[in-house]
Amino acid sequence: MKRPIELVADALLKSKYLIALTGAGISAESGIPTFRGKNGLWRKFRAEDLATPEAFSRNPKLVWEWYSWRISMILKADPNPAHYALAILEDMGILKAIITQNVDDLHERAGTKNLIKIHGDILTAKCTSCRYTKKLDSPPNELPPKCPNCGSLLRPGVVWFGEPLPKKELDATFINASKADGILVVGTSGVVYPAASIPLIVKERGGFVVEVNIKPSNITQIADFFIQGKAGEILPRLIQIINNRLNVDRDDRGG
Ligand code: OAD
Ligand code: ZN
């Protein structure tokens, strides 16, 4: 009898346009805290004080201090086997795009090419008045940082509560979701929209939903396959099974 992970490998191999949706859980094994759950950021901090446009107008220094702490943590972290497994799946031609809610750069550093960052990028600072943006390779020296162009405040390049998602990324997300015949959902609680609606779009078009999470989430009820466990352990195993299948097929052809 095939185990669920082997059935997932079959489904991925048969898919024509597989996409992935990732959340904070995929970076947890890199030492980056998630938002919800036991040690989640939203357990210790109030989003209303740190991650809204109003919070930034009230106290830009405090908001920047919090983002600077997160930036330092991300710069010190490395991609984990889950990030690498998804990059390999893309190289194999199976995975076509990753839509991530994460603002870290661990998918990029693992080698993923077609990455859609729908909640922005914490390593970019952008001007609150003009179009100036700056890549950050360390937290800004002076907080809050100012625009060298126009003198206005720079803000973190992330999406805050109450803000719309970036149009280019949102368009790319829906184009990919409308092409997908399968989606791999990794490490997200599935409570923040519109990200959480992407698996449903794929499902409603007849595609399959695979979820990898250490515990059931809001997505689990629509998942065709739920593999419970750490992304950094499950995804490399999945790659290994897929590789074995491909090798067997090759051997069968006498190659
Ligand atoms: P959450 O913190 O809400 O959820 C993290 C999910 O990852 C949970 O379902 C965990 O069970 C799971 N998880 C934790 N460790 C894992 C591991 N090692 N392997 C697999 N799964 C694991 O994070 P998100 O769903 O990403 O938004 O949160 C969505 C959005 O809410 C974030 O992008 C952020 C936040 O507020 C903005 O900042 C706009
Ligand atoms: Zn400016």
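How much space lies in the second largest pocket?

Reply: The second largest pocket holds about 270 Å³ of space. The model is predicted, so local features need pLDDT of at least 70 and side-chain atom pairs count only at pLDDT 80 or more, while totals for chains, interfaces and linings use all residues. Residues are numbered from 1 along each chain as its sequence is written, chains are lettered from A and ligands numbered from 1 in the order in which they are written, and side-chain values use heavy atoms, with hydrogens and water left out.

A pocket here is an open set of points on a 1 Å grid over the protein atoms alone, where a 1.4 Å probe fits and protein lies on both sides within 12 Å along at least five of seven lines; a set from which the probe cannot get out is a cavity instead. Points are joined across faces, edges and corners, and the volume is the space filled by probe spheres set on them.

The lining (residues with an atom within 4 Å of a point) of the second largest pocket consists of 15 residues, and Gly120, Lys126, Gly157, Val159 and Pro166 lie nearest the centre. Two or more lining residues come from each of strand 4 (120–127), strand 6 (154–158) and helix 9 (167–179). Strand 4 contributes the most, with four residues. These elements are DSSP runs numbered from the N terminus: H or I of at least four residues for helices, E of at least two for strands.

By residue class, the lining has seven charged, five nonpolar and three polar members. Asp, Glu, Lys and Arg count as charged; Ala, Val, Leu, Ile, Met, Phe, Trp, Tyr, Cys and Pro as nonpolar; the others, Gly among them, as polar. The second largest pocket lies between domain 1 (1–31 + 79–119 + 165–255) and domain 2 (33–76 + 121–158), because both give residues to its lining. The domain bounds come from an automatic or database assignment.

Next, the metal site. Cys127, Cys130, Cys147 and Cys150 coordinate the zinc ion (ligand 2) through their SG atoms, at 2.2 to 2.3 Å. Donors are N, O and S atoms within 2.8 Å of the metal (3.2 Å for Na, K and Ca), and sites may look incomplete, as water is not among the atoms. The angles among the four donor atoms run from 100 to 120°, and the site is tetrahedral, a label that needs all angles between 85 and 135 degrees. The donor residues follow the spacing C-x2-C-x16-C-x2-C in sequence. Cys127 counts as buried, at 8% relative accessibility, whereas Cys130 is partly exposed at 25%. Buried means under 20% relative accessible area, exposed over 50%, and partly exposed in between, with a 1.4 Å probe and protein chains only.

Two cis peptide bonds deserve a check of omega. One joins Leu143 and Pro144, with omega about -10°; Pro144 sits in the loop between strand 5 (133–135) and strand 6. Another joins Tyr193 and Pro194, with omega about 5°, and Pro194 belongs to the loop between strand 7 (182–186) and helix 10 (198–204).

Back in helix 9, Ser178 is partly exposed, with a relative accessible area of 38%. Its C-alpha is 7.7 Å from that of Arg205, 27 residues apart in sequence. Ala11, in helix 1 (residues 4–14), is buried at 14%, and its C-alpha lies 9.9 Å from that of Val209, 198 residues apart in sequence.

Definitions and conventions
Four donors count as tetrahedral if all angles lie between 85 and 135 degrees; four count as square planar and six as octahedral if opposite donors are over 155 degrees apart and all others between 65 and 115; anything else is irregular.
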